Amino acid sequence: MECRVLSIQSHVVRGYVGNKSATFPLQVLGFEVDSINSVQFSNHTGYAHWKGQVLTAEELNELYEGIKLNKVNRYDYILTGYSRDTSFLEMVVDIIQELKKANPSLVYVCDPVMGDHGSMYVPEYLLPVYRDKVVPLADILTPNQFEAELLTGRKITTEQDAVEVMDLLHKMGPETVVLTSTDLPSKRGDQFLVALGSQNIVKADGTKTSQKICMDVPKVDAVFVGTGDLFAAMLLAWTHHHPKDLKTACEKTVSVMHHVIKRTMTYANKMAGPGKRPSPAQLELRMVQSKADIEKPAVVVEAQVLQKYSR
C-alpha cells in the first residue's frame, strides 16, 4: 500500500526549508507527498533580502476543499512546521480533525516551532493554540527544550526534568515525543548536545510499555536553516519503518542529519575559502547530493536506552 503524507509547511524558490526540506527526502524513502505551501518566499529569511507571499487561512481552506471535492483526502500522515498566524493554525487543526475522522489511524507529526534558546520567534498568542488545540491532536511531537518548556510550563535543568516534561507532553496527547536539542551537559563533553526521546507503546495484550532514550549528537559550528524540518520528516519516515522501536528510528534520523550537515559544511567551507565564514547561500543543505545517505544512513550516533525511566 502506498503511504501518503500531507505536508503543510513553508516553501522557498531557492534553497531548503519547510516543504523543500521535507518533500525530497520523504519521496526518496517511498512516500507520496502532497504539499500545501503556507508561504512562498524567494529564499529563507536568513538572507539579506527575501520576497514572497503568505497563504491565508481562507486560501488554505480553499485548497483543502478542492482535495475533498475530488474525494482524495485520505492521508496516512500529516506533517506541519512553522506557522505564525492564529487563524491559519486553527484552520490546520480543523483539517487534521476532519482527516482523522476519515482515517482514524492517521498519524500527525507536529514540529511545534515557536522559538529557541529562551526567546520566541512567533507571536506569544500562538502558544495557547499549540498547547490546547494542536498538541492534543499530535501523535509524534518534536519540540526543542525551550518549546517543551513553553508547552508544559516546566523548566528542564536535569535529565529527570526532561523525562518528566516528556511524560507531561504524553499526557497532553502524543504517544511519541522527541526533544530534538537540549542544554543538558553531554557525558561526551561540550562538543556534543543531548537529545532525548520517549515512546509509549500499547502491546498486543493491551499492556503499556514506555521506552526512553538519550543521544549525544555532535555539535557543528554553523547556523543551518531547514534542519528541524528535515528532522521531523525523517522521524516520520523512520518511525513508519520502525513503529515500535524509537531507538532505531532516532538513530537513523539523527544519522541522516549528521551526513547531510557534514556534507553541507564541507561544501560551504570549500566555497567560502580559507578563514572565511560561509554565506547563507553556501550553507543551504546539500540535500540532492545526500540521496544515498537519506536512503541508507550509516548509523553514526547511537541512542542509549534510559533503563531506569523505561518500563
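The model is predicted: local features need pLDDT of at least 70, side-chain atom pairs count only at pLDDT 80 or more, and totals for chains, interfaces and linings use all residues. Residues are numbered from 1 along each chain as its sequence is written, and side-chain values use heavy atoms, with hydrogens and water left out.

- Strand β4 spans residues 77–80; strands are DSSP runs of E, at least two residues, and helices are runs of H or I, at least four, both numbered from the N terminus.
- Y77 and L79 point one way, I78 and T80 the other way, and all are buried (under 20% relative accessible area, 1.4 Å probe, protein chains only).
- Strand β1 (residues 4–12) runs parallel to β4, joined by 4 bridges; two strands pair if DSSP finds at least two bridges between them.
- β5 (residues 107–110) also runs parallel to β4, again with 4 bridges.
- I78 is the bridge partner of L6 and stands opposite Y108 in β5.

**Crossover**
- β4, helix α3 (residues 86–102) and β5 form a right-handed β-α-β unit: with the strands pointing away from the viewer, the path from the first strand over the helix to the second runs clockwise.

**Nonpolar cores**
- The largest nonpolar core has 48 residues, of which L60, Y108 and L196 touch the most other members. A core joins buried Ala, Val, Leu, Ile, Met, Phe, Trp, Tyr and Cys residues through side-chain atoms within 4.5 Å.
- Helix α3 gives this core its largest share, 8 residues.
- Another core, of 45 residues, lies apart from it and includes Y77 and V217.

Terms used:
Buried < 20%, exposed > 50% of the residue type's maximum accessible area, 1.4 Å probe, protein only.
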